[in-house]
Amino acid sequence: MEPLLDYPFMVSVVPALLRALPVTLNVTVVSMSLALPLALATALVRISRVPVLRHVAALYVSFMRGTPLLVQIYLAYYGLPKVLNHLGDRYGWSLDVSSIPAIAFIYLAFTLNVGAYASETFRAAIEAIDRGQMEAALSVGMTRWQGMRRIVLPQALTIALPSLGNTVIALLKDTSLAFLVSVVELMGEAKIQAARGLQFFEVYLVAALVYWVICIGIERGMAVLERRVRRYEGLSPA
Amino acid sequence: MSIVVREVEKAFDATPVLRGVSLEIPDGELVALLGPSGCGKTTLLRIIAGLESADAGEVRHDGEDVSARSARERNVGVVFQHYALFRHMTVEENVAFALRVRRRPRAQVAARVAELLRLVQLEGLKGRYPQQLSGGQRQRVALARALATEPRILLLDEPFGALDARVRQELRRWLRRLHDELHVTSVFVTHDQEEAFEVADRVVLMNAGRVEQVGTPAQVFEEPASAFVMRFLGAVNAFKGWVEGDRAFVSGLDLELVAPASAAHRARAHVFVRPHELDVHRAPVPGSFAANVDRVLPLGAAVRIELSAPGFGGMVEAELDVRRSEALALAPGDAVHLSPRRVRVFPSREDELDSLTASGL
């Protein structure tokens, strides 16, 4: 009887998968880095009830949360070039849309998607800070913006952190959809390797293990970070 | 810095909270805003601070109209009810923050913070976070933070509300001493009469969005301006009766008034007697009424007697000093006679009657 798993083959695909890993990490890090400022700005616009913009922000969040990520990726990859071409023709831009790499559309889709989810995290965290903190800031002579930046936001970030950790992990795993628009990241590479030997089970198992190990790493990192920023909390009076 | 509040009105969602409040606080005074919850005292404090804006009327600091200025521009120190210390900053950072925001030189900030921490006796705890402090310590950090920029007005919202009785007692005395040292015009909100009387130079009694009376503790206690003030300050026996000229009548009893009530004609009135102004006798005396002892409660220096007087609307309370109580040797069930030494009468306003009846007196 044949063994269930071809172990030597599994070991042999590890280097190939690891070579694709930087793309996965790249998409994760770049999208997350762009999404956080977007999320914070969106949350602030909604909390401070900026006229017009708050409605735009609400619409944006609603759309991103109300449509599947895969659809968003397709819209970005297939739709955006079309829109850009159309606009280019109309206004006479000399724009070569085909020169834009696929990964740019992936950045865009993930940034907008994660930005919407994270903005809700920020919004809840900011709203969880006692109103008295802002009032105290104003009473000692800070402007509203100073109070937000130096008093409310640092505390809100502490509250938001665990949830943001989840968002990073979700994003990392969601990047596996990028191969559908020809970005060869970890999952894309796994598919290529699997197709070659028709050993799908083995390759996907290895891919799963790689994702898992990285997620464990992120979890650990977040735990350390949380302890750091929470050092002022939950300490008993001495 | 003196504070003047003129005809201030404020409503939240069409519910009036302040209905034309006027108030003058001279420079350097320590004033208590005293009243039951919902009377508008905290809202008034917040309007003086600039944390809330008035719908109508004006606020002046040192004669200058500050109504349009934000809290930031008023240079007012505020101690919040739950302290609102910056949780992510140490004691030292909390106190220094206002100065750092104002870009004061580093050495000056350090010196001022050290001075303030000494003042509130927290030098040893400057590296702690608020969560690591006891309630009384947090309160003192809040005070140091409020004083950091040398405000000329200090506002405190229920400053001792969240502390246990012993710490509260200590902090009251300490606040009074601090005020005597710094002479900063201070206003604090409280619903605790004892606290207001112990700490404040003057007491502002508020009820239902209006100022009922302003005066020294002795003034408002001895010469209450309204039935509300009479009831709010300490225990009181209230009877429904009549007033005519300088005499009051309750259930056929004819009582002489110390200060003649304003009613020239016979009018319905609330007749009040404080428990310690009610004498207890074994035998009837002129102007006394009969009652039965229900309970005898020793309270340390005084003894409280709870009695029922069927002709007088039920429960009556008397307070005797220990010696008098011992001489009488009262026990539950004893039949006694009560005579008021001092009676205060306020003509009834029609709109008051229901609420007074509802409160069971």
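A salt bridge is taken here as a side-chain nitrogen of Lys or Arg within 4 Å of a carboxyl oxygen of Asp or Glu. By this criterion, one salt bridge is counted between chain B and chain A. It is formed by Arg46(B) and Glu135(A), whose closest N and O atoms are 2.5 Å apart. The model is predicted, so that local features need pLDDT of at least 70 and side-chain atom pairs count only at pLDDT 80 or more, while totals for chains, interfaces and linings use all residues. Side-chain values use heavy atoms, with hydrogens and water left out, residues are numbered from 1 along each chain as its sequence is written, and chains are lettered from A and ligands numbered from 1 in the order in which they are written.

At the interface, 24 residues of chain B are in contact with 25 residues of chain A, contact meaning heavy atoms within 4.5 Å. The size of an interface is often given as the accessible area lost when the parts come together. Chain B and chain A bury about 2200 Å² between them, 59% of it on carbon and sulfur atoms; buried area is the accessible area (1.4 Å probe) that two parts lose on being put together, summed over both. Of the area that chain B buries against chain A, 25% is supplied by Arg72(B), Arg87(B) and His88(B), more than by any other three residues.

Five residue pairs between chain B and chain A, both residues at pLDDT 80 or more, are in polar contact. A polar contact is a pair of N or O atoms within 3.5 Å; within protein, one must be able to donate a hydrogen and the other to accept it, and residues adjacent in sequence count only if both atoms are side-chain atoms. On the side of chain B that touches chain A, α2 (71–74), β6 (76–79) and α3 (91–101) of chain B each supply at least two residues. Helices (H or I, at least four residues) and strands (E, at least two) are DSSP runs, numbered from the N terminus. The largest share of this side, three residues, comes from α3(B). Its residues divide into 14 nonpolar, four polar and six charged, where Ala, Val, Leu, Ile, Met, Phe, Trp, Tyr, Cys and Pro count as nonpolar, Asp, Glu, Lys and Arg as charged, and the others, Gly among them, as polar.

Helix α3(B) is largely enclosed by the rest of the structure, because eight of its eleven residues are buried. Buried means under 20% relative accessible area, exposed over 50%, and partly exposed in between (1.4 Å probe, protein chains only). The buried residues of α3(B), among them Val91(B), Phe97(B) and Leu99(B), pack against α6 (144–174) of chain A together with α4 (106–119) and α5 (135–147) of chain B. Thr90(B), in the loop between β6 and α3 of chain B, is buried at a relative accessible area of 11%. Apart from its neighbours within four places in sequence, Thr90(B) is in contact with Lys126(B), Gly127(B), Arg128(B) and Tyr129(B). Arg103(B), which follows α3(B), has a positive phi near 55°.

Over all chains, the structure holds 28 salt bridges. In chain A, the side chains of Glu120(A) and Arg46(A) meet in one of these, at 3.0 Å from N to O. This pair links distant parts of the chain, with Glu120(A) in helix α4 (residues 102–128) of chain A and Arg46(A) in helix α1 (residues 7–47) of chain A, 74 residues apart. Glu120(A) counts as buried at 16% relative accessibility. The side chains of Arg65(A) and Glu120(A) also meet in a salt bridge, at 3.8 Å from N to O. In chain B, Lys41(B) forms a salt bridge with Glu158(B), the closest N and O atoms being 4.0 Å apart, and both residues are buried.

Ten aromatic pairs are found over all chains. Rings of Phe, Tyr and Trp (its six-membered ring) pair if their centres lie within 6.5 Å; planes under 30 degrees apart count as stacked, over 60 as edge-to-face and the rest as tilted. Phe239(B) and Phe289(B) form an edge-to-face pair, 6.3 Å centre to centre with 80° between the planes. Phe239(B) counts as buried at 8% relative accessibility, as does Phe289(B) at 6%. In chain A, Tyr74(A), Tyr77(A), Tyr78(A) and Phe105(A) form one aromatic cluster.
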